[in-house]
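Here's a quick briefing to keep open beside the viewer. Have a look at the fold and then work through the points below.

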Amino acid sequence: MQALLAMWSEKFVGYPDGSDLPAHHDHCLGCGPENPHGHRLRAVRHGDGVQAWHTFDNRHVGAPGIAHGGAVATVVDDLYGFLLFLEGGPAVTRQLAVDYLAPVLIGTTYRLDAQVARREGRKLFVTAGATAPDGRPVITSTAVFVKVSVEHFAQGISPDVPGD
Ligand SMILES: CCCCCCCCCCCCCCCC(=O)SCCNC(=O)CCNC(=O)[C@H](O)C(C)(C)COP(=O)(O)OP(=O)(O)OC[C@H]1O[C@@H](n2cnc3c(N)ncnc32)[C@H](O)[C@@H]1OP(=O)(O)O
């Protein structure tokens, strides 16, 4: 737990506009470089929000040639997780909604944007979208994140799980 805490604290360093944001941790399904099933999402600070460019591959297929909606939701959820580096502390998804406006195609690179729309006590109301290369929006999303203490993450720590 202490090692995780130290690792996590080191990531809150203040990020200038345009800079790369770190992975949540090495095995994160959304962004971890060591997760073979993961999306390896990379995001940058973009003003007060975050931005990413992402291409789904054949591991993420729903209908042929089209990304599975759950895979898209995973990436959006993880994108929100990058906002936490700008907020200065951990929070977790309490509610996530995705509007699928058009199919998200395998092998096409989409631009994703997320920002905090409103803060209320422990809650962060966040919004996101993905845009196709021709400028069409393909998804929009809203979510509610709730700030938690680092002790929240102790619930998941087991010596048998890689990355703990
Ligand atoms: C040592 C450190 C290592 C760290 C190492 C890696 C860390 C990396 C972290 C980042 C990673 C990112 C990646 C993607 C983000 C996930 O994937 S996070 C994982 C998925 N989410 C979860 O597992 C969360 C599970 N849920 C919970 O644990 C608990 O429900 C929560 C969220 C902690 C809240 O618990 P609670 O405080 O008992 O809940 P409750 O009081 O009922 O609700 C909280 C507030 O939300 C409000 N609320 C509830 N539902 C709604 C709703 N639908 N709409 C509006 N408001 C709502 C309530 O009214 C309440 O408001 P207030 O009364 O505070 O004003």
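Which residues of strand E1 (residues 43-46) make up its covered face, and which its uncovered one? Ala43 and Arg45 sit on the covered face, while Val44 and His46 are on the uncovered one. In a regular strand, side chains alternate between the two faces of the sheet.

**The model**
- This is a predicted model, where local features need pLDDT of at least 70, side-chain atom pairs count only at pLDDT 80 or more, and totals for chains, interfaces and linings use all residues.
- Residues are numbered from 1 along each chain as its sequence is written.
- Mean pLDDT (the predictor's confidence in each residue, from 0 to 100) is 93 for the protein, and 96% of its residues reach 70 or more.
- The scores are ipTM 0.94 and pTM 0.94.

- E1 and strand E2 (residues 49-55) pair in the antiparallel sense over four bridges; strands are DSSP runs (E, at least two residues), helices being H or I runs of at least four, numbered from the N terminus, and pairing takes at least two DSSP bridges.
- Ala43 has Ala52 of E2 opposite it.
- Two residues lie between the strands of this hairpin, and Gly47 has a positive phi near 65°.

**Around the ligand**
- The ligand has 23 residues around it, and Gly81, Val92, Gln95, Val146 and Val150 come nearest (near means a C-beta atom, placed from the backbone, within 6 Å).
- Helix H1 (2-9), helix H2 (69-87), strand E3 (91-100) and strand E6 (137-147) each give two or more residues to that shell.

How values were computed
Buried ≥ 20, exposed ≤ 12 C-beta atoms within 10 Å, placed from the backbone.
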